Amino acid sequence: MDHAESERITSWFVEYTNRYVISDPANYEAYELKIAHSLRVKENCSAIAASLNLNEEERMIAEVIGLLHDTGRFEQFRRYHTFLDGKSENHAELGAAVLRETGILSDLEGDTQEIILKGVSYHNRLRLPDGELRRVNLFCRLIRDADKIDILGVVTDYYESTKKSDFIELSLPDEPVYSEEILNDLFKNGLVDMTKMKTLNDFKLLQLGWVYDLNFPAAARKIKEKRYLERIRLTLPKSGQIDELLKRLNAHLDELIQRCL
Ligand SMILES: [Fe+2]
């Protein structure tokens, strides 16, 4: 991929997403939310790529994956009026299908196309599939970190505000309780089954647990610097168990930063 190709894809994304804003003005906020998210994730990808000393072409590939990772959100919202994959369809697979159908990547080299399509398809999976090439894995891990950093920032600001948005709360009830089951999953292996979520607090705990799925020190450093974990914790009920969870999550972040020094 060269600069001209990266610019062509960026222009396509701007034009493609604008079409949704224009044709469905009543829901422009939903589309704008995803456009702004995509642009920030692109920047996060760029920063992580730089921290890993990737070369210029690799940095551009990472940025393109960041920009395109939520391509499916636009068609998902237009068709189903929700961002809930469970109530519609998998937005990552949908995005990869849109990219294939439009042929926007078809001028790129075969392995670059594969990396971008897999980065988009796998970005929301609970776990990355085994057996992928090292290079594919690198970019998949990169987009997953870049995406999580931005979502943690968005939800932290949101939980601290008095705003209400169904897009962010996934229509979960905001009650002053949380599920022991979710907390136990986090203490056991860090992975939480989304279907177990009953309240908004459960969703906050699940989001805190994303820390266990981070791959790169640059992402861990950013989360510490912005104090996302502590700030989300302040919006949860008082609980010794949650305090203990926070300690473990912070220790995990420190270990990730140290491991790669
Ligand atoms: Fe996504």
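Student: At what angle do helix α6 (residues 110-122) and helix α7 (residues 134-160) pack?
Tutor: About 45 degrees, with their axes 9 Å apart. This is a predicted model: local features need pLDDT of at least 70, side-chain atom pairs count only at pLDDT 80 or more, and totals for chains, interfaces and linings use all residues. Residues are numbered from 1 along each chain as its sequence is written. Axes are lines fitted to C-alpha atoms, for helices over the stretch in contact, and angles run from 0 to 180 degrees between N-to-C directions. Helices are DSSP runs (H or I, at least four residues), numbered from the N terminus.

Student: What are α6 and α7 called at that angle?
Tutor: Under 35 degrees counts as roughly parallel, over 145 as roughly antiparallel, 65 to 115 as roughly perpendicular, and the rest as oblique. The angle here is about 45 degrees, so α6 and α7 are oblique to each other.

Student: Which residues make that contact?
Tutor: From α6, Glu114, Ile115, Lys118, Gly119 and Tyr122; from α7, Arg135, Val136, Phe139, Cys140 and Ile143. Contact means C-beta atoms, placed from the backbone, within 7 Å. By class there are six nonpolar, one polar and three charged residues. Ala, Val, Leu, Ile, Met, Phe, Trp, Tyr, Cys and Pro count as nonpolar, Asp, Glu, Lys and Arg as charged, and the others, Gly among them, as polar.

Student: What makes α9 roughly parallel to α10?
Tutor: The axes of α9 (residues 180-188) and α10 (residues 200-209) cross at roughly 5 degrees and come within 10 Å. That angle is under 35 degrees, so α9 is roughly parallel to α10. Ile182, Leu183 and Leu186 of α9 meet Asp202, Leu205, Leu206 and Gly209 of α10. This contact has five nonpolar, one polar and one charged residues.

Student: Why is Arg8 called partly exposed?
Tutor: Buried needs 20 or more other C-beta atoms within 10 Å, exposed 12 or fewer, and partly exposed lies in between. Arg8 has 14 C-beta neighbours inside 10 Å, so Arg8 counts as partly exposed. Arg8 sits in helix α1 (residues 3-23).

Student: How is the chain divided into domains?
Tutor: Into domain 1 (3-143) and domain 2 (172-259), with bounds from an automatic or database domain assignment. Their C-alpha centres lie 25 Å apart. Six residues of domain 1 are in contact with five of domain 2. On the domain 1 side, helix α2 (residues 28-51) gives the most, with three residues.

Technical notes: Helix = DSSP H or I, 4+ residues; strand = E, 2+ residues; numbered from the N terminus. Contact = placed C-beta atoms within 7 Å.
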